[in-house]
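Dear colleague,

Please read them with the model open beside you.

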Amino acid sequence: MLDRLYEWFWWDKIWLPAELSWDDLEDKEGRVYAKASHLYVTLPYACALLLIRYLFERTVAAPLASFAGIRQRVCLRPEVNRALELYYTTGSRNPLQADMLGLSKKSGLSMRQVERWFRRRRVQDHPGVLKKFKEASLHEARIMTLPPLSAAGGFVFYLFAFVGGVAALHDKAWLYDGAQVWTGYPKQSLLESQYWYYILEMSFYGCLFFSIASDVKRKDFKEQIIHHVATLVLLSFSWCANFIRVGTLVMRWHDASDVLLESAKLFNYAGWEKTSKALFVAFAVVFMATRLVIFPFWIIHCTWVYPLHHYPAFFGYYFFNAMLVVLLCLHLFWSSLILRMIRKFLFGTYCSVFQLGSVGSGVHYSGDLTVLDELTRDERSDNEDEEDSSSTDDLQQNGHSGPTHRTGSGAQSS
């Protein structure tokens with residue numbers, strides 16, 4: 001059964017035009033072709049990138065954040081309460097007023113203490129600026145594709161990815177003429193620069209996929225998952241079917257805007273507001289140009305029209321273009337969010353448009369608008385509770401009596 005499934009999966013009529021077979025992609029006549037077995041190395045490389053990311057965040061990003069004056073905010077932690085924790089993890093982060101009485105009875109706390117517990121629990125889950133700064137730094141270092149400790153990591157990765165793509169493709173004819181992508185296909189030998197560009201890019205996406213559970217979760221979390229899976233499938237298929245040239249073009253143009261976003265985030269977290277805004281505007285322009293103009297009207301045109309000049313349509317042709325369309329739909333989704341950010345940025349309805357994440361060739365553009373507003377309210381309410389507690393303690397120490405509002409978890413936490 002497994003043997004038949006394996007044979008069906010690697011049936012050459014699925015991957016290649018009808019006139020070709022896997023024998024045409026055997027190394028011969030001085031030509032070297034991509035092999036599926038080459039992709040096995042991306043797994044240890046992805047794990048190595050996870051280790052590099054961990055070390056980078058602690059040895060480079062953290063000191064850099066300290067130099068920029070970014071500090072981790074110390075938040076009051078809620079006391080351990082199993083009943084409230086169960087509701088928080090399985091029910092809702094914001095319980096309705098109708099549920100507060102029941103939660104009060106189950107937890108043994110007053111309704112005010114229950115409200116305070118949920119408020120502090122939400123603040124505890126929200127990533128601080130320091131974590132975001134670290135992720136962003138590593139992202140830009142994303143050598144060929146990956147998300148936030150925040151801005152520092154991201155910046156480094158994406159910077160290497162962009163520079164690597166320019167170095168690998170600047171002298172290639174198909175970068176400037178889409179018809180050259182299919183000239184001589186499939187007899188297109190694998191170049192060493194293409195090999196490392198692909199392997200590092202796929203390793204980076206693998207690293208992102210493995211670390212997505214621990215990264216800052218934003219509103220476009222599902223879209224991130226779809227993006228990572230579509231990208232890995234697209235790159236793997238193009239590698240095995242020897243669509244290497246068009247694969248490098250996809251990576252090259254996707255890497256162009258990410259470094260600008262991560263730079264904007266870095267400067268925003270460091271308090272350089274004008275520089276951050278300028279970089280964000282530059283990012284938006286480059287993103288729209290590469291993802292909504294070059295990608296559909298050049299790259300997808302290149303994969304949709306030119307192959308039919310050489311071979312009749314086949315399954316791999318439709319599958320590859322379908323994956324590109326999936327990425328285009330994600331680009332449209334993120335573009336709508338960027339335009340929302342720009343509108344709020346221009347009309348001053350949102351103090352910071354750079355609370356964005358970035359995920360490899362796709363970036364988390366949805367931002368944290370609702371979460372940020374909620375966090376601000378939570379922190380303000382927590383400070384008010386602390387002031388109420390201090391006032392009550394002063395009254396009691398001076399011999400005055402009055403209503404005591406802070407007991408239980410509230411008093412213990414301070």
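A patch, as the word is used here, is made of residues with over 30% relative accessible area and no salt bridge, and nonpolar side chains are joined into one when they lie within 5 Å. Please keep in mind throughout that this is a predicted model.

With that definition, Leu2, Leu5, Trp8, Phe9 and Trp11 form a nonpolar patch on the surface, and together they have about 620 Å² of accessible area.

Turning to the rings, the structure holds 32 aromatic pairs. Among them is the pair of Trp117 and Phe118, which is edge-to-face, with 5.2 Å from centre to centre and 75° between the planes. Both partners fall under the 20% limit for buried residues, since Trp117 has a relative accessibility of 2% and Phe118 has a relative accessible area of 1%.

A further edge-to-face pair is formed by Tyr185 and Tyr311, whose ring centres are 6.2 Å apart and whose planes stand at 80°. Tyr185 lies in the loop between α8 (152–169) and α9 (192–211), whereas Tyr311 lies in the loop between α12 (273–304) and α13 (315–347), so the pair ties together parts that are 126 residues apart in sequence. Tyr185 counts as buried at 6% relative accessibility, and Tyr311 is likewise buried, with a relative accessible area of 17%.

Tyr185 and Tyr311 also belong to a cluster linked by ring pairs, which includes Phe9, Trp10, Trp15, Trp22, Trp182, Phe237 and Phe243, as well as Phe315, Phe319 and Phe320.

Two other tryptophans may be worth a look. Arg252 lies over the face of Trp253, at 4.8 Å from the ring centre. Trp304, for its part, is found in helix α12 and is partly exposed, with a relative accessible area of 42%. Leaving aside residues up to four places away in sequence, Trp304 touches Tyr317 and Asn321, while the C-alpha atoms of Trp304 and Tyr318, which are 14 residues apart along the chain, are separated by 8.6 Å.

Definitions and conventions
Residues are numbered from 1 along each chain as its sequence is written. This is a predicted model: local features need pLDDT of at least 70, side-chain atom pairs count only at pLDDT 80 or more; totals for chains, interfaces and linings use all residues. Side-chain values use heavy atoms; hydrogens and water are left out. Patches are made of residues with over 30% relative accessible area and no salt bridge: like charges are joined within 9 Å, nonpolar side chains (Val, Leu, Ile, Met, Phe, Trp, Tyr) within 5 Å. Accessible areas come from the Shrake-Rupley method with a 1.4 Å probe; for residues, only the protein chains shown count as cover. A salt bridge is a side-chain nitrogen of Lys or Arg within 4 Å of a carboxyl oxygen of Asp or Glu. Rings of Phe, Tyr and Trp (its six-membered ring) pair if their centres lie within 6.5 Å; planes under 30 degrees apart count as stacked, over 60 as edge-to-face and the rest as tilted. Buried means under 20% relative accessible area, exposed over 50%, partly exposed in between (1.4 Å probe, protein chains only). Helices (H or I, at least four residues) and strands (E, at least two) are DSSP runs, numbered from the N terminus. A charge sits over a ring if NZ of Lys or CZ of Arg is within 6 Å of the ring centre and within 35 degrees of the ring normal. Contact means heavy atoms within 4.5 Å.
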